[in-house]
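This report covers strand pairing, charged pairs and aromatic contacts, in that order. Please keep the sequence and structure at hand while reading.

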Amino acid sequence: MALPRLCARSGAALTAQSTHSTRTSALPKICRRNLNSDVRITRTGKPILTVSGGRSSLGGYTATVFGATGFLGRYIVNRLARSGCTVVVPFREEMTKRHLKVAGDLGRVVFLEMDLRNLASIEESVRHSDIVYNLIGRDYPTKNFDLYDVHVEGTKRIAEAVAKYDIDRFVQVSSHSVDLNSPSEFYRTKARGEQVAREIYPETTIVRPAPMFGFEDRLLNTLAGATNVITSNSLEQRFRPVHVIDVGMALENMLHDDTTAAETYELYGPKEYSMGEISELVDKEILKHRRHINVPPSVMKPLARYMNKYIWWPVGSEDEVEREFIDQTIDPTAKTFADLNIEPVDLSTKAYEYLKGYRSSAHYDLPPQTERERREERKYLHVIDDQ
């Protein structure tokens, strides 16, 4: 029987062990042996029936992933669903969730319509779950939600629902460089969201990933795109990019490791880059040179503010310009990948895999024939073909 390594709620583990021993003492020895091998007692004493297997197995766990339709969400949903967990995916728009239907076997991925201002829909999404992940975040304000609405008020409603139904685990995915006194509203609201989550649910696990790269990222794809020409900090921002698959693996490990409760994790890559160094790496892989024009923040900020206000598709925001001037900071007291037995991969080892689609088709064409090659080819041409 898998027992909890850490019990944040005093007495829960002991109660669970004594209760489980009492219930199984009257069973035959063979039944107890089979039962013990398939039961995991969670941190709060809840028994979870588990079986070893893959995509078509039934893992016993039920996980709710808010923000699953985003970049990171698809990776954690896939990792949970393919191991047999039942994954509840709250969504707002019908078309944004369709790629998640095939992440798990039939019935393993369950969709529920949810609105971040509707507490009843949030409670319906979490009330049967063993763990809740909050991946909801917003880079720019919209007419319906500003950054405070999403990162603070939204987190508050989700944490209240988790506390109401006494969910075993709650994982709040925040951001790197969070600071209540940051000049960036994004970092300020993310920091306040962490505080709110811990105030309502003290055993919240905080995860702060660095800028992530992968197939659908906004890092490599932005630098490789032909329309990315305007910057404000001359590509001097410095950070440690992390592979999104490594972050998804870390979030999955937190489901099975109860020692991660009430802890804070900083998840970042093994090497620090400047944005200019990553841009050079991208140019090398796509065999093209993307030109960048530096626009002073005094001009770019008001321009981004009005574009974000009057254009209905994402075009950047004033706060994103501000974040270009903030290098990544790391909390030395926080835990890292090493505490989860994960070795993160470096950006340079995966750049070709994610950028080869941007290479020109001319790169794969054969070079023009030389005169010698033409003469050699004529030797094998039929006389009719040469006329």
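## Strand pairing and the sheet

In this predicted model, V173 has V207 of strand β8 as its bridge partner. The strands concerned are β7, residues 169-173, and β8, residues 205-209, which pair in the parallel sense over three bridges. Strands of a sheet pair in general through backbone hydrogen bonds, in either a parallel or an antiparallel manner.

Both strands belong to an open sheet of seven strands, ordered β5-β4-β3-β6-β7-β8-β13, and the pairing is parallel. From one strand to the next, the twist averages 20°. Helix α4, residues 119-126, packs on this sheet and touches β3 (62-66), β4 (86-91), β5 and β6 (131-134). The direction of α4 makes about 145° with that of β3.

## Salt bridges

Side chains of opposite charge can pair when their charged atoms come close. The structure holds 21 salt bridges. One of them joins the side chains of R117 and D149, with an N to O distance of 3.4 Å. This pair links distant parts of the chain, 32 residues apart: R117 belongs to the loop between β5 and α4, whereas D149 is in helix α5 (residues 147-164). R117 has a relative accessible area of 43% and is therefore partly exposed; D149, at 21%, also counts as partly exposed.

A further salt bridge is formed by E285 and R359, whose closest N and O atoms are 3.7 Å apart. Because E285 lies in helix α9 (residues 275-286) and R359 in the loop between α12 (351-355) and α13 (371-378), the pair ties together parts that are 74 residues apart in sequence. E285 is buried at 13% relative accessibility, and R359 is buried at 17%. The side chains of E353 and K350 also meet in a salt bridge, at 3.8 Å from N to O. Here E353 is partly exposed, with a relative accessibility of 33%, and K350 is partly exposed at 23%.

## Aromatic pairs

A pair of aromatic rings is described by the distance of the centres and the angle of the planes. The structure holds eight aromatic pairs. Among them are F71 and Y75, with ring centres 5.9 Å apart and planes at 90°, so this pair is edge-to-face. Both F71 and Y75 are buried.

The rings of Y306 and Y310 have centres 6.5 Å apart and planes at 5°, so this pair is stacked. Both residues lie in helix α10 (residues 297-310), four residues apart, which is about one turn of the helix. Y306 is partly exposed, with a relative accessible area of 47%, while Y310 counts as exposed at 57%. Elsewhere, F213, F215 and Y354 form one aromatic cluster.

## Charges over rings

Conventions. Residues numbered from 1 in each chain as written. Predicted model: local features only at pLDDT ≥ 70, side-chain atom pairs only at ≥ 80, totals over all residues. Heavy atoms only, no water. Pairing = 2+ DSSP bridges. Helix = DSSP H or I, 4+ residues; strand = E, 2+ residues; numbered from the N terminus. Axes fitted to C-alpha atoms, helices over the stretch in contact; angles between N-to-C directions. Contact = heavy atoms within 4.5 Å. Salt bridge = Lys/Arg side-chain N within 4 Å of Asp/Glu carboxyl O. Buried < 20%, exposed > 50% of the residue type's maximum accessible area, 1.4 Å probe, protein only. Phe/Tyr/Trp six-rings, centres within 6.5 Å; stacked < 30°, edge-to-face > 60°.
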